[in-house]
Amino acid sequence: MNRVLMTLLLALGLIVVPIGPTVYGQQQFDEAATARVKADVIKRFSHKEERVKVKLRSGSEVKGRITQTSDNGFTLTDEKTGNHTDIGYADVLKLQGRGMSKTKKIAIVTAVGVGVVVIVVVIAIRNFDPFGNGLFK
């Protein structure tokens, strides 16, 4: 009985296991994600941060400037060729701005500022002589 049960479970496992990645690989249409993409595109377009990199649900990637927005999608223009690509909000998987973010820029400036302050403090402590010509000469 145990051998028959084990054989049936292994057979069921061999049938069910390949189905998992197939189901997981299908991307579901998500209205909340589409609304987030639409809001992000409109925000970037209104703040003149048009340079973006768009990863589509088909797996391809498009780079360019957002030149026009509408209710259903936006137009992306390639800077080098000038080709226009109409993209629907539902087709976008990921939308990224190109270049460094403001957070990265602030972190770099802060790190440089802290480095300068540390160097100035080290030089000041090294050259600090409270007794004029020195106490132990």
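1. Contact here means heavy atoms within 4.5 Å. On that basis, and leaving aside neighbours within four places in sequence, Val-54 is in contact with Ser-60, Glu-61, Val-62, Phe-74, Leu-76, Ile-87, Val-92, Lys-94 and Leu-95. The model is a predicted one.

2. Val-54 also belongs to the largest nonpolar core, which has 13 residues. Val-54 is listed with Val-41, Phe-74, Leu-76, Ile-87 and Val-92 as the residues with the most contacts inside this core. At least two residues each come from H3, S1, strand S2 (61–69), strand S3 (73–77) and S5. S1 supplies the largest share, 3 residues. In soluble globular proteins, nonpolar side chains tend to be buried together.

3. Glu-50 sits in the loop between helix H3 (31–46) and strand S1 (51–56). Is Glu-50 buried or exposed? Glu-50 counts as buried because its relative accessibility is 15%, and buried means under 20%. Not counting residues up to four places away in sequence, Glu-50 touches Arg-44, Phe-45, Gly-64, Arg-65 and Ile-66.

4. The largest pocket has a volume of about 320 Å³. Its lining includes Arg-44, Glu-49, Arg-51 and Lys-105, as well as Gly-97, Arg-98, Gly-99, Met-100, Ser-101 and Lys-102. By class, the lining residues divide into 6 charged, 3 polar and 1 nonpolar.

5. Met-100, one of the lining residues, is in the loop between strand S5 (92–97) and helix H4 (102–126). With 48% relative accessibility, Met-100 counts as partly exposed. Beyond its neighbours within four places in sequence, Met-100 is in contact with Lys-105 and Ile-108. Lys-105 is also part of the pocket lining.

Notes. Residues numbered from 1 in each chain as written. Predicted model: local features only at pLDDT ≥ 70, side-chain atom pairs only at ≥ 80, totals over all residues. Heavy atoms only, no water. Helix = DSSP H or I, 4+ residues; strand = E, 2+ residues; numbered from the N terminus. Buried < 20%, exposed > 50% of the residue type's maximum accessible area, 1.4 Å probe, protein only. 1 Å grid on protein atoms, 1.4 Å probe; cavity = no way out; pocket = protein on both sides within 12 Å on 5 of 7 lines; lining within 4 Å. Points joined across faces, edges and corners; volume = space filled by probe spheres on them. Nonpolar A, V, L, I, M, F, W, Y, C, P; charged D, E, K, R; others polar. Core = buried A, V, L, I, M, F, W, Y, C linked by side-chain atoms within 4.5 Å.
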